[in-house]
Amino acid sequence: MSFLDYFRSKKTPSASVAKERLQIIVAHERGQRAQPDYLPQLQQELLEVIRKYVQISDDMVQVEVDRNDSCSVLELNVTLPEK
Amino acid sequence: MARIIVVTSGKGGVGKTTTSASISTGLAKRGHKTVVIDFDVGLRNLDLIMNCERRVVYDFVNVIQGEATLNQALIKDKRVDTLFILPASQTREKEALTPEGVEKVINQLAETFDYIVCDSPAGIEHGALMALYHADEAIVVTNPEVSSVRDSDRILGILQSKSRRAENGLDPVKEHLLLSRYNPQRVERGEMLSVQDVEEILAIPLLGVIPESQVVLNASNQGMPVILEEQSDAGQAYDDAVARLLGEDREHRFLNAQKKGFFSRMFKGG
């Protein structure tokens, strides 16, 4: 690194860091806002049913609703523990 | 038909009351009969900003509870004669603003006023929900700063789901972005989110940009809505915002840093 680089190099401006962080968190929160109210309870009840057969922890079941123009898809992801 | 406008933000201290005072004064100055309501029960401040704190006898809650008539509680502004202020109660509980009571008062005001401006408290609790419920339009006051932008987005979500218009399946509340405390110098140095950044994130139409200015504090010290400081940049920016609210097409000003001349650099230390 040459001597001049010391003067040239600039840190990423903090405003662009702010913008990037905001875009991510706002998109995430908007996604959650669009989810139906019953989702947390549905997730809880699914957990209980699955636990009758397999021991899994809370974060191993993911429930999401994806909305397209014409239909909604309930996406259910269950991670089973390795034997 | 009265137009009901809520001034809201989610976050506190971004300039809601300053904006409510200036927007309502600006509307009234153009001859529209306007009332501005303080919804911040327990922490009323609109009276101070409008310089009528010593003329408060009855308040919003007194009217809701039938202890005073609307005419007894309304305070007529001394500077603009088509402007009235309905102060919040300083002593009651927030829950004293019942949905039925608020609706009754708003309906009664709508019979005689052209514009009803609702100054929302911070947060997303009862008072804020009451302030936005009846709105036809919302002015979302935002500072170019991460927590304010995030809270503004949250309040937009609430406007789209919990307002009267949303609940009854009517046309949605018309949203306006008002960016305040804007500092073009800091934006140019990359230290502050730009107007374009905030517009891109929140994706609602821009009503105005109020530059960060000493004049705002001076005006509030004296109980003067800053829009009446007609020579100042902040005052003119608010005047532009009111004009746009009324459908005028005005170019945005005060977005770029003023270049300092050689002499002002020399004598004011840059």
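**Figure 1. Ala68(B) sits in the loop between helix H3 (60-64) and helix H4 (70-73) of chain B.** Helices (H or I, at least four residues) and strands (E, at least two) are DSSP runs, numbered from the N terminus. This is a predicted model, in which local features need pLDDT of at least 70, side-chain atom pairs count only at pLDDT 80 or more, and totals for chains, interfaces and linings use all residues. Residues are numbered from 1 along each chain as its sequence is written, chains are lettered from A in the order in which they are written, and side-chain values use heavy atoms, with hydrogens and water left out. Is Ala68(B) buried or exposed? Ala68(B) counts as buried because its relative accessibility is 9%. Buried means under 20% relative accessible area, exposed over 50%, and partly exposed in between (1.4 Å probe, protein chains only). Set aside the neighbours within four places in sequence, and Ala68(B) is in contact with Tyr58(B), Asn62(B) and Val63(B). Contact means heavy atoms within 4.5 Å. Val57(B) lies 11 residues from Ala68(B) along the chain, and their C-alpha atoms are separated by 9.6 Å.

**Figure 2. Asp197(B) belongs to helix H10 (residues 195-202) of chain B.** Asp197(B) has 14% relative accessibility, so this residue counts as buried. Which side chain of chain A does the side chain of Asp197(B) join? The partner is Lys19(A), through a polar contact of 3.3 Å. A polar contact is a pair of N or O atoms within 3.5 Å; within protein, one must be able to donate a hydrogen and the other to accept it, and residues adjacent in sequence count only if both atoms are side-chain atoms.

**Figure 3. Pro40(A) is part of helix H3 (residues 39-51) of chain A.** Pro40(A) has a relative accessible area of 55%, so this proline is exposed. How far apart in space are Pro40(A) and Gln62(A)? Their C-alpha atoms are 9.9 Å apart, while 22 residues separate them in sequence.

Figure 4. Along the principal axes, the C-alpha atoms of chain B fill a box of roughly 65 × 40 × 35 Å. Of the 270 residues of chain B, 54% count as buried.
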